[in-house]
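Student: I would like to go through this model step by step. Please start with the terms, then the fold, then the details.

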Amino acid sequence: MCTAAHHDIPLQAEKSLFNVDPRVKLVAIFGFVAVVSSMTSIPLLAAAAGIMAALALVTGIGPGLLLRRIALVLPFTGFILVLLPFVVPGQAVFSLNLGLFSLSATDQGVDRAAMLSLRVLSAVLAINVLTASTTFSQLMRALKDLKVPEVFVQVLEFTLRYIYVLGDEVKRMRLARKSRCFNEGRTLLDINTFRTLGTLVGVLFARSWDRGERIYSAMLSRGYSSEAGPRQAAVRPGWGDICWGMGVLAVAAGLRLFESGTLTGMF
């Protein structure tokens, strides 16, 4: 009996998170990201990342999938994180001898890189909690209910749909290349590979443009209009939803106040 009850706890937490009103989750998660992004304390940023990681695991995201999603942002932030320790002035911690010149990493640079990486990690985990527990249609409806401009919401909707259209075009073009016995070079600097990839990008752009025009014409023929149509009246969030959102915001606000010394001064 005790074992069964113990296993039901994460399942109930996961189910309750999926049932939270999407508008509340949207405001709470983005509020959490906004507050955490203003923090500078590395231990508190690590605590914020740990809280979001635990919430992501409760949502049902497996550790492997969570790590793969985090790795997606490394190409965009990895270069900055590696470069910061060597460009921020401060007390030298270690040096790299590269022959003709050497690079010195500073303690301020290492702290800045750690702070930035934890901010990015917390934001990525928070967004994963939101997207894993909310469908795309629910997110778009929540944005509309929160009075986000209709043009912005439509751009998001079409962007996501056209990503899959482009992916399908790339798969068909790769299959066509293989059927013509295309042999890729070992690196991008190979002249044959470089020329072929350049042609692929140009053809992909032309095909995507043509398919986009055909899709838009098909939408117009089915009565599509960019103007917002009539929507059903939004149901007000329940008290449970509001308490969940306030709890997430309270955690972020508590960490921020603790960093500023307000909470420590009260005690």
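Tutor: Helices (H or I, at least four residues) and strands (E, at least two) are DSSP runs, numbered from the N terminus. This is a predicted model: local features need pLDDT of at least 70, side-chain atom pairs count only at pLDDT 80 or more, and totals for chains, interfaces and linings use all residues. Residues are numbered from 1 along each chain as its sequence is written, and side-chain values use heavy atoms, with hydrogens and water left out.

Student: Which pattern does the protein chain follow along the sequence?

Tutor: The protein chain has eleven helices and two strands. Read along the sequence, the pattern is α-α-α-α-α-β-β-α-α-α-α-α-α.

Student: At what angle do helix H2 and helix H10 pack?

Tutor: H2 covers residues 22-36 and H10 covers residues 239-260. Axes are lines fitted to C-alpha atoms, for helices over the stretch in contact, and angles run from 0 to 180 degrees between N-to-C directions. The axes of H2 and H10 are 9 Å apart, and the angle is about 0°.

Student: Is H2 roughly parallel or roughly antiparallel to H10?

Tutor: Angles under 35 degrees count as roughly parallel, and those over 145 as roughly antiparallel. The angle here is about 0°. Therefore H2 is, relative to H10, roughly parallel.

Student: How do the residues of the contact of H2 with H10 divide?

Tutor: Contact means heavy atoms within 4.5 Å. H2 contributes residues including Val24, Lys25 and Phe32, and H10 contributes residues including Asp241, Trp244 and Arg256. Ala, Val, Leu, Ile, Met, Phe, Trp, Tyr, Cys and Pro count as nonpolar, Asp, Glu, Lys and Arg as charged, and the others, Gly among them, as polar. The division is twelve nonpolar, two polar and three charged.

Student: Is Thr134 buried or exposed?

Tutor: Thr134 sits in the loop between helix H6 (107-133) and helix H7 (136-145). Buried means under 20% relative accessible area, exposed over 50%, with a 1.4 Å probe and protein chains only. The relative accessible area of Thr134 is 5%, so Thr134 is buried.

Student: With which side chain does the side chain of Thr134 make a polar contact?

Tutor: A polar contact is a pair of N or O atoms within 3.5 Å; within protein, one must be able to donate a hydrogen and the other to accept it, and residues adjacent in sequence count only if both atoms are side-chain atoms. The Thr134 side chain also reaches the backbone oxygen of Leu130 at 2.9 Å. The side-chain partner, at 2.8 Å, is Lys25.

Student: Which helices do the buried residues of H7 pack against?

Tutor: In H7, the buried residues are Leu139, Met140, Ala142, Leu143 and Lys144. They pack against H2, H6 and helix H8 (150-179).

Terms used: Angles under 35 degrees count as roughly parallel, over 145 as roughly antiparallel, 65 to 115 as roughly perpendicular and the rest as oblique.
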